[in-house]
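I opened a new page for this structure. Below are my notes, in the order in which I looked things up.

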Amino acid sequence: MLIVNANEMVTLAGDNRKPRIGKQMLELGIVHNGSLAIKDGRIVAVGKTPETTKIYKSENVVSANGKTVLPGFIDSHTHLVFAGSREEELQMRIEEGVPYEVSSRGESVMKTVKETRRASAEKLVEKATETLNSMLEHGTTTAEAKSGYGLTTKDELKILDVVQRLNQMHPVDLVPTFLGANAVPPEFVNKPEDFVNLVINEMIPKVAEKEHAEFCDVYCERGAFNLDQSRRVLVAGKGSDLKPKVHADEMSLLGGTELAASVGAVSADQMLFSSEDGMKAMAQKGVIATLLPASSFSLMNGRYANAREIINLGVPLALATDFSPNCWVESLQLVIAFACHFMKLNAAEAITATTINAAHALSRASEIGSLEVSKKADVLVLNVPNHRFLGYRYGVNLIDKVIKNGRLVVDKESAKDEYQLIGEQET
Ligand SMILES: [Zn+2]
């Protein structure tokens with residue numbers, strides 16, 4: 001396949017061995033009148049259209065005339081698999097001003113846990129497939145997927161099984177994360193230590209034995225898991241080759257970012273209350289800050305992570321949806337818009353944060369996250385003339401085409417033909 005004549009081809013080419021920090025986040029490697037050649041699912045050439053087309057010929061030519069081409073978006077933080085929904089909580093927040101906070105979180109999560117435990121694997125696959133379809137239509141070609149709504153060994157494994165099945169059957173590539181320490185379930189309400197021991201001594205070994213996860217995450221927060229418990233879970237995970245991630249400082253300053261740095265986590269996620277010292281420690285260790293502005297939007301507390309300080313301190317920054325029953329958003333385009341408006345990221349930084357830096361947050365940067373020779377051909381054609389439209393034009397889907405592993409999987413242009421056809425029939 002050949003993609004030709006892109007008004008802007010945003011390659012993010014460069015030294016991508018490490019996630020980008022500071023001013024590097026502005027360097028998008030844009031090629032004007034850009035072109036891309038794909039063979040066997042991989043990128044074989046990137047450059048100016050006249051040069052690429054001199055060497056490569058194809059019957060399958062995609063014109064990106066007047067459009068912007070990007071690497072596929074990478075959603076590095078999602079709670080993909082769960083049953084049911086919690087739309088009533090938004091109404092409570094609106095009508096009664098009930099905030100989503102430490103005290104109410106447990107109850108909310110438990111509603112989803114109950115429904116997820118009851119649901120069959122088939123039902124969970126069916127529901128998550130709909131989510132993945134929607135993500136793909138909005139340009140997400142790789143997503144992380146956490147467990148955490150089972151909270152028994154059996155149900156956590158069921159969820160991770162579902163992730164594995166989805167990964168085999170759906171075009172979106174999934175990266176599984178074990179989040180057994182998401183909340184203390186009601187069975188253990190007066191003995192949280194026993195639950196932590198269950199996570200460490202039974203769940204993690206079983207997950208590792210089945211090779212069902214790559215990362216181990218913990219919800220480090222007051223009312224959930226304290227610093228000591230979180231550390232023990234992450235260290236046990238590391239002992240079983242599960243790389244650490246931390247839900248850090250979402251509702252209070254507990255020190256989750258410092259913990260992330262001290263255990264050598266790949267990322268600390270959320271960071272609404274993180275301290276400067278915590279951020280400096282992350283910068284030193286190269287821990288990625290995965291920020292979730294749609295989650296802040298859903299929490300309705302007006303608080304967003306201090307992205308500018310995070311960037312200024314040299315912490316690599318990624319953005320993700322935090323898709324969950326509390327933050328039902330599949331579109332990274334919307335997340336970019338929130339990041340631009342509420343966190344004052346510019347479009348280039350937000351694009352870096354949802355492509356190459358997000359690839360690093362999932363340990364996939366050698367395969368995806370930029371348009372470079374030998375990488376997977378995960379490519380987006382956007383129906384906008386330049387990358388600055390991301391964040392600026394929002395609330396609609398800017399995707400024209402999604403190419404996953406070199407295969408055209410979403411094509412809005414052909415859908416447009418159908419609308420025209422209907423119009424013609426009516427006249
Ligand atoms: Zn989360």
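**Around Ala353**

I began with Ala353, which touches Met25, Leu317, Ala318, Leu319 and Ala358, leaving aside residues up to four places away in sequence. Contact here means heavy atoms within 4.5 Å. I noted that this is a predicted model, where local features need pLDDT of at least 70 and side-chain atom pairs count only at pLDDT 80 or more, while totals for chains, interfaces and linings use all residues. Residues are numbered from 1 along each chain as its sequence is written, and side-chain values use heavy atoms, with hydrogens and water left out.

I placed Ala353 in helix H13 (residues 347-354). Helices (H or I, at least four residues) and strands (E, at least two) are DSSP runs, numbered from the N terminus. Is Ala353 buried or exposed? Ala353 is buried, because its relative accessible area is 0%. Buried means under 20% relative accessible area, exposed over 50%, and partly exposed in between (1.4 Å probe, protein chains only). I also checked Ala353 against Arg364: they are 11 residues apart in sequence and 14 Å apart in space, C-alpha to C-alpha.

**The zinc site**

Next I looked up the zinc ion. Its donors are His77 (NE2), His79 (NE2), His247 (NE2) and Asp322 (OD), at 2.1 to 2.4 Å. Donors are N, O and S atoms within 2.8 Å of the metal (3.2 Å for Na, K and Ca); water is not among the atoms, so sites may look incomplete. Along the chain, I read the donor spacing as H-x1-H-x167-H-x74-D.

Why is the arrangement irregular? The 4 donor atoms subtend angles of 83 to 166 degrees around the zinc ion, and that makes it irregular. Four donors count as tetrahedral if all angles lie between 85 and 135 degrees; four count as square planar and six as octahedral if opposite donors are over 155 degrees apart and all others between 65 and 115; anything else is irregular. His77 is buried at 0% relative accessible area, and His79 counts as buried at 5%.

**Salt bridges**

How many salt bridges does a search of the whole structure find? I noted 27. A salt bridge is a side-chain nitrogen of Lys or Arg within 4 Å of a carboxyl oxygen of Asp or Glu.

One of them joins Asp217 and Lys146 (2.7 Å, N to O). Asp217 lies in strand S9 (residues 215-220) and Lys146 in strand S7 (residues 140-146), so the pair ties together parts 71 residues apart in sequence. Asp217 counts as buried at 0% relative accessibility. Lys146 is buried at 0% too.

I then turned to Lys404. Its side chain meets that of Asp173 in a salt bridge (2.8 Å, N to O). This pair links distant parts of the chain: Lys404 is in strand S15 (residues 399-404) and Asp173 in strand S8 (residues 173-181), 231 residues apart. Lys404 also forms a salt bridge with Asp378 (2.6 Å, N to O). Asp378 sits in the loop between helix H14 (356-361) and strand S14 (379-382), so this pair ties together parts 26 residues apart in sequence. Lys404 counts as buried at 2% relative accessibility, and Asp378 is buried at 5%.

My last entry is a network of salt bridges that links Lys67, Asp400, Lys401, Asp411 and Glu413.
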